[in-house]
Amino acid sequence: MSNIHFFDANSGSGNLGDLEKTLVINNLLTIPLEKRDNEWVAEFIDNIAEANLAVAEPEIIMSNEGFPYFNLRSVEPGENFQAYVIKNKLPVLLQNGFGVALNTRKENPDWMFSYGDLLNYAVRKEFYTDDHHFARNNQDFVIGSDEEILVGQPSEEILPGYARQQIREFLQYSGVKNPMVMLIARNYNDEENVTQDLVFNITPRNFSNEKEYQAAMNTVSWFLPKHYSLVGMDAETMGPGFQPL
């Protein structure tokens, strides 16, 4: 432990991370990629949010898909560095629309957290969620003529204001003049089988071609937790169910 030296620019403000978790992460990262199994992933996910990391150069990178990531790296033994702790920096990351990348100097980065992964941690204290009510498959989204559904607005816990702003600004930039959203619940009278979908007023008609539409949907997905079911639907189909994003 004495070989790792931390420098906290805000000394005394509690910005330093957990030293034990830092050591766990550093040990995990010595394991080659091909040997990182599910147990490795679970231990990494359990420790990374509170571990001490450092800001890499350049600070902001763009992924091949065009998404912005704050660029972090693990620390070296004997290194003096300013500690960066993901858990402590979540508000700044989320307000500015960033994901987090770890060790991009390597041929294959050790991890890439999307904006939605960070959002999930902010609202649920976990990067990835398995137990939820979102639909598992929304590839063929059809509402039956006699199907009863419950329509409402996503709560702050599902879609906080800062996430709404990021998605709204992206959609407006993409040509959707009045982005709208709603939450649909199906089988809402059956607690065990109820499912929900997050719906935006996005359809291929908003874009020049199908490829651009799919790219826009992929970007919206990047802003959302991975377990969310995302659906695009014409506002005229659902009438008053949609509300401004």
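Student: What does the accessible surface of the protein come to, and what part of it belongs to carbon and sulfur atoms?

Tutor: This is a predicted model, so every value here is computed from predicted coordinates. The accessible surface is about 13500 Å², and carbon and sulfur atoms hold 46% of that.

Student: How many residues does the protein have, and what percentage of them is buried?

Tutor: Buried means under 20% relative accessible area. There are 245 residues, and 47% of them are buried.

Student: How many helices and strands are there?

Tutor: The secondary structure consists of 7 helices and 11 strands. As for contacts, take those with a separation of 6 or more: 66% of them are between residues 24 or more positions apart.

Student: How do I read a helix such as H4 (residues 115-124)?

Tutor: Start with its buried residues. In H4, 7 of the 10 residues are buried, so this helix is largely enclosed by the rest of the structure. Those residues are Tyr115, Gly116, Asp117, Leu118, Leu119, Asn120 and Tyr121.

Student: Which residues of helix H2 (residues 38-47) are buried?

Tutor: Trp40, Phe44, Ile45 and Asn47 are the buried residues of H2. They pack against helix H1 (19-28) and against strands E5 (99-102) and E6 (111-113).

Student: How many cavities of 30 Å³ or more are there?

Tutor: The count is 1, and the largest cavity has a volume of about 30 Å³. Its lining is made up of Phe44, Ile48, Leu53, Ile86, Val100, Leu102, Trp111 and Phe113. E5 and E6 are the elements that give two or more residues to that lining.

Student: How does the lining of the largest cavity divide by class?

Tutor: It has 8 nonpolar residues, no polar ones and no charged ones.

Student: What lines the second largest pocket?

Tutor: A pocket, unlike a cavity, is open. The second largest pocket has a volume of about 220 Å³ and 13 lining residues, with Arg124, His133, Phe134, Ile158 and Gln196 nearest its centre. By class, the lining has 6 nonpolar, 4 polar and 3 charged residues.

Student: How do I read a strand, for instance E9 (residues 195-200)?

Tutor: In a regular strand the side chains alternate between the two faces of the sheet. Then check burial and partners. Strand E9 is mostly covered, with 5 of its 6 residues buried.

Student: Which way do E9 and its partners run, parallel or antiparallel?

Tutor: Strand E8 (residues 180-186) and E9 run antiparallel and are joined by 6 bridges. One of the bridge pairs is Ala185 with Gln196 of E9. E9 and strand E10 (residues 230-232) run parallel, with 3 bridges between them. There, Leu198 has Leu230 of E10 as its bridge partner.

Student: What should I look for in the backbone angles?

Tutor: Most residues other than glycine have a negative phi, and most peptide bonds are trans. Now look at the departures. Asn103 has a positive phi of about 60 degrees although it is not a glycine. Asn103 sits in the loop between E5 and E6.

Student: Where is Lys125, and what is its phi?

Tutor: Lys125 lies in the loop between H4 and strand E7 (149-152), and its phi is positive, about 65 degrees.

Student: Are Asn103 and Lys125 buried or exposed?

Tutor: Asn103 has a relative accessible area of 1%, so it is buried. Lys125 has 57%, which means it is exposed, the cut-off for exposed being over 50%.

Student: Where is there a cis peptide bond?

Tutor: A cis peptide bond joins Glu57 and Pro58, with omega about -10 degrees. Pro58 lies in strand E2.

Key: Residues numbered from 1 in each chain as written. Predicted model: local features only at pLDDT ≥ 70, side-chain atom pairs only at ≥ 80, totals over all residues. Heavy atoms only, no water. 1 Å grid on protein atoms, 1.4 Å probe; cavity = no way out; pocket = protein on both sides within 12 Å on 5 of 7 lines; lining within 4 Å. Points joined across faces, edges and corners; volume = space filled by probe spheres on them. Nonpolar A, V, L, I, M, F, W, Y, C, P; charged D, E, K, R; others polar. Helix = DSSP H or I, 4+ residues; strand = E, 2+ residues; numbered from the N terminus. Buried < 20%, exposed > 50% of the residue type's maximum accessible area, 1.4 Å probe, protein only. Contact = heavy atoms within 4.5 Å. Areas by Shrake-Rupley, 256 points an atom, 1.4 Å probe, with all protein chains shown as cover. Pairing = 2+ DSSP bridges.
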